[in-house]
Amino acid sequence: MPGPMPELLDGRGVVVAGGSRGIGRAVAELMCDLGAGVVVNGRDADAVTETVAALAETGGRAIPVVGAAEDERVAGALVDECVSGFGRLDAVINCAGVAEPPGSSILDVAPEDFDRLIGAHLGTAFHTSRAAARVMAAQGHGSIVNTGSAAFLGDYGGTGYPAGKGAVNGLTMALAAELKAHGVRANVVCPGARTRLCTGPEYERHIEDLHRRGLLDEMTMRASLDVPPAAFAAPIYAYLASDLSREVTGRIFVAAGGFVGSYERPEPRVLGYRDHHGAEPWSVEDLHAMIGAAKAI
């Protein structure tokens, strides 16, 4: 297997929100290996300090910023520290996230738990992107990479986690469209990698229960119980942060072990059409007939 290309991100400045653990740490390590200076962020001060020290031991350049990136002030500090510490801001990568409470359902989720999940995922993506976009648009280049999840499809159950990840997708697509004229790109990565969120007996019971309820098929259940190391997900983040992907924006990618894929942009399928200038609205019976016929295909 070819090794890292140390010149790929040489001299670049990169922010990794949630970079002290799991996928974020693997991303921060690879960014440093590829020559970038990295602002490492996380909620746990000890984890941030340990990660920055480990990166320095291997010759990496890293700056710590402790705090939740869903906080506007912390998000702003990430951008400011990158510009002041490395002289530039080339990429912002959001890997921060929190897990859905075990067994969470719309039937019993507490509003505060839902709000916490939306804030940790959508709030982080919004505040860091907002702070970074102003700098990137002014300089005419930059890459924003947000972390999504296949959970946005709803197959893994829950409420705030899939809602937050789905909202991250929508926000990122809007960023890509709005910022393209400024030379700024925005993409999503839905990673499959072993982290604190997908390990332990409780997680395994959750996946097995989803299979029992018919939400996950056999293959997806087994894949969810045999999650690959985070290092397998890191390279696509590095690719999207680099100039190699200068033409890539508004995409949602999947990276899980040796599998790399993408979600195609949703397109409406025509079920029926009438020119509203010369026709009455569809009746309920008409809609029932056409939607039923489409479902049968």
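The lining of the largest cavity divides into three nonpolar, five polar and one charged residue. Here Ala, Val, Leu, Ile, Met, Phe, Trp, Tyr, Cys and Pro count as nonpolar, Asp, Glu, Lys and Arg as charged, and the others, Gly among them, as polar. This is a predicted model: local features need pLDDT of at least 70, side-chain atom pairs count only at pLDDT 80 or more, and totals for chains, interfaces and linings use all residues. Residues are numbered from 1 along each chain as its sequence is written, and side-chain values use heavy atoms, with hydrogens and water left out.

The lining consists of N94, A96, H121, T124, A125, N146, T147, K165 and V168. Two or more of these residues come from each of α4 (111-139), β5 (142-147) and α5 (160-179). Helix α4 gives the largest share, three residues. Helices (H or I, at least four residues) and strands (E, at least two) are DSSP runs, numbered from the N terminus. The volume is about 50 Å³. The whole structure holds one cavity of 30 Å³ or more. A cavity is a set of points on a 1 Å grid over the protein atoms alone where a 1.4 Å probe fits but cannot get out; lining residues have an atom within 4 Å of a point. Points are joined across faces, edges and corners, and the volume is the space filled by probe spheres set on them.

Next, the sheet. Eight strands form an open sheet with mixed pairing, in the order β3-β2-β1-β4-β5-β6-β7-β8. β3 (61-66) and β8 (259-263) are the edges; each has a single partner strand, so one side of each lacks a neighbour in the sheet. Neighbouring strands are turned by 20° against each other on average, direction ignored. β7 (252-256) and β8 run antiparallel, joined by five bridges; strands pair if DSSP finds at least two bridges between them. A255 stands opposite V260 in β8.

| Helix | Strands | Angle |
|---|---|---|
| α2 (45-57) | lies across β2 (37-42) and β3 | about 175° to β3 |
| α5 | touches β5, β6 (184-192) and β7 | about 155° to β6 |

Contact means heavy atoms within 4.5 Å. Angles run from 0 to 180 degrees between N-to-C directions, with axes fitted to C-alpha atoms, for helices over the stretch in contact.

The whole structure has one aromatic pair. Rings of Phe, Tyr and Trp (its six-membered ring) pair if their centres lie within 6.5 Å; planes under 30 degrees apart count as stacked, over 60 as edge-to-face and the rest as tilted. F152 is in the loop between β5 and α5, Y263 in strand β8, 111 residues apart.

Key: On a 1 Å grid over the protein atoms alone, a cavity is a set of points where a 1.4 Å probe fits but cannot get out, and a pocket is an open set with protein on both sides within 12 Å along at least five of seven lines; lining residues have an atom within 4 Å of a point.
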